[in-house]
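Morning, everyone. I have one structure to go through, and I will keep to the geometry.

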Amino acid sequence: MKIHEKYILRCIELGKNGLGTTAPNPMVGCVILHEGKIIGEGFTSPFGGPHAEVNAINSVKNKDLLKKATLYVSLEPCSHHGKTPPCTDLILKCGIPRIVIGIQDPHSKVAGKGINMLKEEGREVIVPVLEEQCREHHKRFLTFHEKKRPYIILKWAESSDGYMAPKKSERAINPEPYWISNRYSRQLVHQWRTEEQAILVGTNTVLEDNPKLNPRTWQGKSPLRVVIDRHLKIPQNYNIYDQTADTLVFTQAKADLPKRKDIEFQEIDFSENVPSQICDHLHQRNVQSIIIEGGAETLKSFIEDNVWDEVRIFTGTSKLGDGIKAPEVGGIEVQRTNPGNDLLRILKND
């Protein structure tokens, strides 16, 4: 492995520590090398805090070494003022002579400006390095800025014979949630909820399961709860209205909107493309990633419009014989694992 690739991989490894906390900032990793030895490392702090480059530079004990060091970073250093000063200014101030960058930042406020600023000041800049791996690592941030929508993860569990839930007549007899996946899979889903900014379900899922949509078996921040409720059928005493997490409801019932300070109601036109409208509004809210947990019709609407990036499908061991069919989806399988006796397949949109 080449030396630059080795340390960009370390940057990616470090950056993963920011998953679920840095958005809408990217989860960047940074390594500082001096004469073959790492003298500083850092990753992006939770949103509002220092960026990876700042944390890495601050971790260097002997700052004089920076004048002969190489700084590795998974994404182009920022060159604009936001909640924190530009990282390029600090890099220049410290006299770091060489900067190795995974990929260029597509954000309109950066987009090569940081690289040009460093070059104009006589610094050696090497970019890109491990572009494909860096793009995968920064997939949420890149999708948000390049496609102007969140990174969309579809998730469901299906029986071994391809059903998501029993038929409605059986649900009427036993209204309790029907678990197809095992407890290991369900805990993994709660972990995923802490890693993404939002989670979306449709009206029927809420009416049938009354979900909380929070990470009860994993420590972390609750995602924004997003609910599609065209006619405001969901009663006000259901869990989505319990004030334990921020909640956004997409509806067309403008005249009947409840007066709730803790809930945002967003009117959309259900005669038009609903997934597109949802994506546009979430983009305006700076939501960079969302898990769509169903049910079947909601999932199918995003699949049919080809508005998705990743699918995570659990297959349990039980057979239902009849019921609500799981969606059909294409894509490229990139991962296959076994949480307990379940099968988990992850597919990417090709």
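I will start with the overall fold, then take the charged side chains, and finish with the backbone.

Please keep in mind that this is a predicted model.

Overall fold first. The protein has 11 helices and 16 strands. Along the principal axes, the C-alpha atoms fill a box of roughly 75 × 45 × 30 Å.

How much of the chain is buried? Buried residues account for 52% of the 350 in the protein. The exposed surface comes to about 16,900 Å², and 47% of that is supplied by carbon and sulfur atoms. On contacts, take those between residues at least 6 apart in sequence: 68% of them join residues at least 24 apart.

Now the charges. There are 47 positive and 45 negative side chains, and the centres of the two sets are 5 Å apart. As a reminder, side chains of opposite charge can pair when their charged atoms come close. How many salt bridges does a search of the whole structure find? The search gives 17.

I will show three of them. As for accessibility, Glu41 is partly exposed, with a relative accessible area of 25%. Arg10 is also partly exposed, and its relative accessible area is 25%.

Next slide: Glu310 and Arg312, whose side chains meet in a salt bridge at 2.7 Å, N to O. Are these residues buried or exposed? Glu310 is buried, and Arg312 is buried as well. This pair also belongs to a network of salt bridges that links Glu136, Lys139, Glu310, Arg312 and Lys348.

The last pair is Arg336 with Glu333, again a salt bridge, with 2.7 Å from N to O. Glu333 is partly exposed, at a relative accessible area of 36%.

That leaves the backbone. For background, most residues other than glycine have a negative phi, and most peptide bonds are trans.

Where are the cis bonds? One joins Ala23 and Pro24, with omega at about 10 degrees. Pro24 lies in the loop between H1 and strand E1, residues 29-34. Another joins Val127 and Pro128, where omega is about 0 degrees. Pro128 is in the loop that runs between strand E5, 124-126, and helix H5, 131-137.

Then the phi values. Asn210 is not a glycine, yet its phi is positive, near 45 degrees. Asn210 is found in the loop between helix H9, 203-209, and strand E9, 224-228. It is partly exposed, with a relative accessible area of 26%.

Leu232 likewise has a positive phi, near 50 degrees. Leu232 is placed in the loop between E9 and strand E10, 247-251. Is it buried or exposed? Its relative accessibility is 19%, and the cut-off for buried is under 20%, so Leu232 counts as buried.

That is what I have; I will take questions now.

Conventions:
Residues are numbered from 1 along each chain as its sequence is written. This is a predicted model: local features need pLDDT of at least 70, side-chain atom pairs count only at pLDDT 80 or more; totals for chains, interfaces and linings use all residues. Side-chain values use heavy atoms; hydrogens and water are left out. Helices (H or I, at least four residues) and strands (E, at least two) are DSSP runs, numbered from the N terminus. Buried means under 20% relative accessible area, exposed over 50%, partly exposed in between (1.4 Å probe, protein chains only). Contact means heavy atoms within 4.5 Å. Accessible areas come from the Shrake-Rupley method with a 1.4 Å probe; for residues, only the protein chains shown count as cover. Lys and Arg count as positive and Asp and Glu as negative; His and the chain ends are not counted. The place of a charge is taken as NZ of Lys, CZ of Arg, CG of Asp or CD of Glu. A salt bridge is a side-chain nitrogen of Lys or Arg within 4 Å of a carboxyl oxygen of Asp or Glu.
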